[in-house]
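User: I'd like to learn how to read a model like this one, feature by feature. Could we start with strand pairing?

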Amino acid sequence: MEGLSRSIGWSAAAFVLTCAVLVMMPAEVSAVRYIVGANMGWNSNVNYTIWAQGKHFYLGDWLFFVYDRNQMNVLEVNKTDYENCTSDHPIHNWTTGAGRDVVPLNVTKTYYFISGKGFCYGGMKVAIHVEKLPPPPSSLPERSGSPGLLSTFRGQIFVPTLFAIAAVWDSFLYIG
């Protein structure tokens, strides 16, 4: 029974320590799914240059094209075909036939999308520049020789308190 109580105590301490480490870890940036054209979708009479303006598209993001499957399509083309609305030789036809097409942005480059069948001439085209995620922000330099409040809290208060709680928890389980 003593070995069982001891192992439960160390399991609890390990759990508490794991939780503490996870709390102190910086949050990761997750991929973003953009609905092309927002609430207007992939449709004529939408200025997609304005829609894309000010957005940052990063490696791992997704584009979601929503449109009338009976009339439109989603074609990835080169820059020349984009500028001339030429749909004869697309790099990739993303049209699945459902009118709900998802395009993973998995290469850092400028993607050029058009809708064929004449809709490109009405403005159904968008250029998306995909870049690598920026590096995480570096910590600000400390203004004095003394450690900052956060590092003091983490190093001198939080971690010892965490171990004290784990030890008390372990002793209660050991007694019981």
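Analyst: Let's start with a single bridge in this predicted model: Phe 113 has Val 126 as its bridge partner in strand 8. Helices (H or I, at least four residues) and strands (E, at least two) are DSSP runs, numbered from the N terminus. Two strands pair if DSSP finds at least two bridges between them. Strand 7 and strand 8 meet that with five bridges, in the antiparallel sense.

User: Which residue is the bridge partner of Glu 76 in strand 7?

Analyst: Glu 76 is partnered by Phe 113. Leu 75 stands opposite Ile 114 in strand 7. Strand 4 (residues 75-77) and strand 7 are antiparallel too, with three bridges.

User: What is the strand order in the open sheet?

Analyst: The order is 2-8-7-4-5, five strands with mixed pairing. Strand 2 (57-58) and strand 5 are the edge strands, each pairing on one side only. As a general idea, side chains in a regular strand alternate between the two faces of the sheet.

User: How enclosed is strand 7 by the rest of the structure?

Analyst: First the cut-offs: buried means under 20% relative accessible area, exposed means over 50%, and partly exposed is in between (1.4 Å probe, protein chains only). Four of the five residues of strand 7 are buried, so the strand is largely enclosed by the rest of the structure.

User: How do I read a salt bridge, and how many does the structure hold?

Analyst: The general idea is that side chains of opposite charge can pair when their charged atoms come close. Here the term means a side-chain nitrogen of Lys or Arg within 4 Å of a carboxyl oxygen of Asp or Glu. The structure holds one: Lys 109 with Glu 76, whose closest N and O atoms are 3.0 Å apart. This pair links distant parts of the chain, 33 residues apart, with Lys 109 in the loop between strand 6 (100-104) and strand 7 and Glu 76 in strand 4.

User: Next up, the nonpolar core. Which residues touch the most other members?

Analyst: In soluble globular proteins, nonpolar side chains tend to be buried together. A nonpolar core is a set of buried Ala, Val, Leu, Ile, Met, Phe, Trp, Tyr and Cys residues joined through side-chain atoms within 4.5 Å. The largest one has 23 residues, and Trp 42, Phe 57, Leu 63, Phe 65, Phe 113 and Ile 128 touch the most other members. Helix 2, strand 3 (62-66), strand 7 (110-114) and strand 8 (125-131) each supply at least two residues of this core. Apart from it lies another core, of seven residues, including Leu 75, Tyr 82, Cys 85 and Tyr 112.

User: What does Phe 57 touch?

Analyst: Not counting residues up to four places away in sequence, the contacts of Phe 57 include Tyr 34, Trp 51, Leu 63, Leu 105 and Ile 128.

User: Last one: how do I read a positive phi?

Analyst: Most residues other than glycine have a negative phi. Here Cys 85 has a positive phi of about 55°, in the loop between helix 3 (79-84) and strand 5 (92-93). Asn 45 has a positive phi near 65° and lies in the loop between strand 1 (33-35) and helix 2 (48-52). Asn 45 counts as exposed at 74% relative accessibility, whereas Cys 85 counts as buried at 11%.

Conventions:
Residues numbered from 1 in each chain as written. Predicted model: local features only at pLDDT ≥ 70, side-chain atom pairs only at ≥ 80, totals over all residues. Heavy atoms only, no water. Contact = heavy atoms within 4.5 Å.
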